[in-house]
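Have the sequence and the 3D view open as you read.

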Amino acid sequence: MNKFVNHIQLGYLGLVPFLGCVGWPLLVGSNQFNMQFFTFYSIAILAFMAGNLWHAGNQRYSDALKAVIPVIPLGFLAFVPQTVTLIWLAVSFWLVFFFEKSNPQWQTYHADYQKMRFVLTSVVFVCHTFVIGISLYPN
């Protein structure tokens, strides 16, 4: 199987926990464990995606800033309501997407990868929107 196809499949598989955390409360009701799992998984994936912005051997100051801007506030988000954290995460996924798209290397990426990144970011944003709604109206 093509290495590129594997990357696309892995990207879409990464959506499963996001979708599960949206579907679970619809089936059995909202609970704190589900909210925490969603938040921590989102933080982990965001940190991974932001880290990919800073390519090995391409260590310009601007690339370092793009990699850390979305994740630096994460430690401080422990002191704000969970809804604020979820909003920051939702916005940060778009921020990382636009940072990646602004890189000149984006033009060299396969069209399927570019489409996948847009779809993943859109679905993750919608999942965050649903979880924010679930957190505001848990019953």
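At what angle do α2 and α3 pack, and how far apart are their axes? In this predicted model, the angle between α2 and α3 is about 165°, and their axes lie 10 Å apart. Angles over 145 degrees count as roughly antiparallel, so α2 is roughly antiparallel to α3. The crossing of α2 past α3 is left-handed.

Sorted by class, the contact of α2 with α3 holds 9 nonpolar and 2 polar residues, with no charged ones.

Helix α2 also packs against α6. Here the angle is about 25°, again with axes 10 Å apart. Angles under 35 degrees count as roughly parallel, so α2 is roughly parallel to α6. This crossing, too, is left-handed. From α2 come L15, F18, L19, C21, V22 and P25, and they meet L120, V123, V124, C127, H128, F130, V131 and I134 of α6. That contact has 13 nonpolar residues, 1 polar residue and no charged residues.

| Helix pair | Angle | Axis separation |
|---|---|---|
| α2 and α3 | about 165° | 10 Å |
| α2 and α6 | about 25° | 10 Å |

Now for a residue worth a click: H128, which sits in helix α6. Is H128 buried or exposed? With a relative accessible area of 0%, H128 falls under the 20% cut-off, so it is buried. Beyond its neighbours within four places in sequence, H128 is in contact with F18, F38, S42, L86, L89, A90 and F93.

Two of those partners, F18 and F38, bring us to the largest nonpolar core. This core has 31 residues, and those with the most contacts inside it are F18, F38, V96 and V131. At least two core residues come from each of α2 (15–28), α3 (32–51), α5 (82–102) and α6 (111–136). Which helix gives the largest share of this core? That is α6, with 8 residues.

Not counting residues up to four places away in sequence, V96 touches L46, M49, A50, L53, P70 and R117.

How values were computed. Residues numbered from 1 in each chain as written. Predicted model: local features only at pLDDT ≥ 70, side-chain atom pairs only at ≥ 80, totals over all residues. Heavy atoms only, no water. Core = buried A, V, L, I, M, F, W, Y, C linked by side-chain atoms within 4.5 Å. Buried < 20%, exposed > 50% of the residue type's maximum accessible area, 1.4 Å probe, protein only. Helix = DSSP H or I, 4+ residues; strand = E, 2+ residues; numbered from the N terminus. Contact = heavy atoms within 4.5 Å. Axes fitted to C-alpha atoms, helices over the stretch in contact; angles between N-to-C directions. Parallel < 35°, antiparallel > 145°, perpendicular 65-115°, else oblique. Left-handed = near helix turned anticlockwise from the far one by under 90°. Nonpolar A, V, L, I, M, F, W, Y, C, P; charged D, E, K, R; others polar.
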